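Please work through each task before reading its solution.

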Amino acid sequence: MNQRGDGFVGVFDSGVGGISVLRALVDELPHEDFRFFGDSANAPYGEKTEAQVLELSRDITERLLAAGAKAIVIACNTATSVAAKTLRAAHPDVPIVGIEPALKPAARALPHGTVLVMATEVTLRLEKYRELVRAWGGECEVIPVPCPGLAARIERGDLDGADLAAMLEGYVGAYAGKVDGVVLGCTHYPFVRRRIAEILGADVRFFDGGAGTARQLRVRLTDAGLLAGRDRPGRVEFASSLDTPEELALYERFFSLSC
């Protein structure tokens, strides 16, 4: 394994959602080079079978490593739940960091509160999610909210569309004024945080796993002796399985958004 810190960190998701995690990674590790791959041609993963998600995740990881990645970040809750264990077993010498619904910090911040967990159907039905609830739910009331179609809609851009507002209203409108926190359990969802807050109320607190994933990557790179030097700022590159100028421009636009 490379011990000098050169090489890039490969980051992947089913599409634009993982860019919310990439933003946190760059903020935490500004001297690292990152290469983001969005599998937009196969988005969203949350509506695929577990076998499909595993195969897609394995293929992307192999290609990133072959191109020189020194570490991998799975910037997708669904892919982490399905594929992280298998990928780590296949590449035991490579730091592989995933993301999971931020129920732990939500439960700590709101120990007796009511917390919505918005996520894909695949994420919510897997044992990994149930383990999170058992371990960290505590005395919270944890309410899972499957959001079919939401990641795909965010993938299209146009975050101010009336149809998106109606979709969000359908998912969480019944909880307006009744919840204390929301766990954004898909990396696409931070991009519509403001719109969700407009429905649920300004006092609702939001939690997502991006910052925690970034801190974990720092720990793993440090432990492996792979942190980049501080002699220059890092670079960010984008690639997509939907390889068009329009798609890459969309990635750049999402990266510039504050979420």
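**Exercise 1. Determine how many disulfides there are, and account for the state of Cys140.**

Solution. A disulfide is a covalent bond between the sulfur atoms of two cysteines. The criterion applied here is a pair of cysteine sulfur atoms within 2.5 Å. By this rule the count is zero disulfides. As to exposure, a residue is buried under 20% relative accessible area, exposed over 50% and partly exposed in between (1.4 Å probe, protein chains only). Cys140 has 11% relative accessibility and therefore counts as buried; Cys147, at 2%, is buried as well.

The model is predicted: local features need pLDDT of at least 70, side-chain atom pairs count only at pLDDT 80 or more, and totals for chains, interfaces and linings use all residues. Residues are numbered from 1 along each chain as its sequence is written, and side-chain values use heavy atoms, leaving out hydrogens and water.

**Exercise 2. Locate Ser20 and identify what its side chain reaches.**

Solution. Ser20 belongs to helix α1 (residues 19–28); helices are DSSP runs of H or I with at least four residues, numbered from the N terminus. With 10% relative accessibility, Ser20 counts as buried. Its side chain reaches the backbone oxygen of Gly17 at 2.9 Å.

**Exercise 3. Describe the lining of the largest pocket.**

Solution. A pocket is an open set of points on a 1 Å grid over the protein atoms alone, with protein on both sides within 12 Å along at least five of seven lines; lining residues have an atom within 4 Å of a point. The largest pocket is lined by 26 residues, and Gly98, Ile99, Glu100, Pro101 and Thr213 lie nearest its centre. Two or more lining residues come from each of α3 (77–90), α4 (103–109) and α10 (210–223). Helix α3 gives the largest share, six residues.

**Exercise 4. State which residues Lys128 touches, and with which side chain it forms a polar contact.**

Solution. Lys128 lies in helix α6 (residues 127–136) and, at 29% relative accessibility, counts as partly exposed. Not counting residues up to four places away in sequence, Lys128 touches Thr80, Ser81 and Glu100, where contact means heavy atoms within 4.5 Å. Lys128 and Ser81 are 47 residues apart in sequence, yet their C-alpha atoms are 6.2 Å apart in space. Finally, a polar contact (N or O atoms within 3.5 Å, one able to donate a hydrogen and the other to accept it; residues adjacent in sequence count only if both atoms are side-chain atoms) of 3.4 Å joins the side chains of Lys128 and Glu100.

Key: 1 Å grid on protein atoms, 1.4 Å probe; cavity = no way out; pocket = protein on both sides within 12 Å on 5 of 7 lines; lining within 4 Å.
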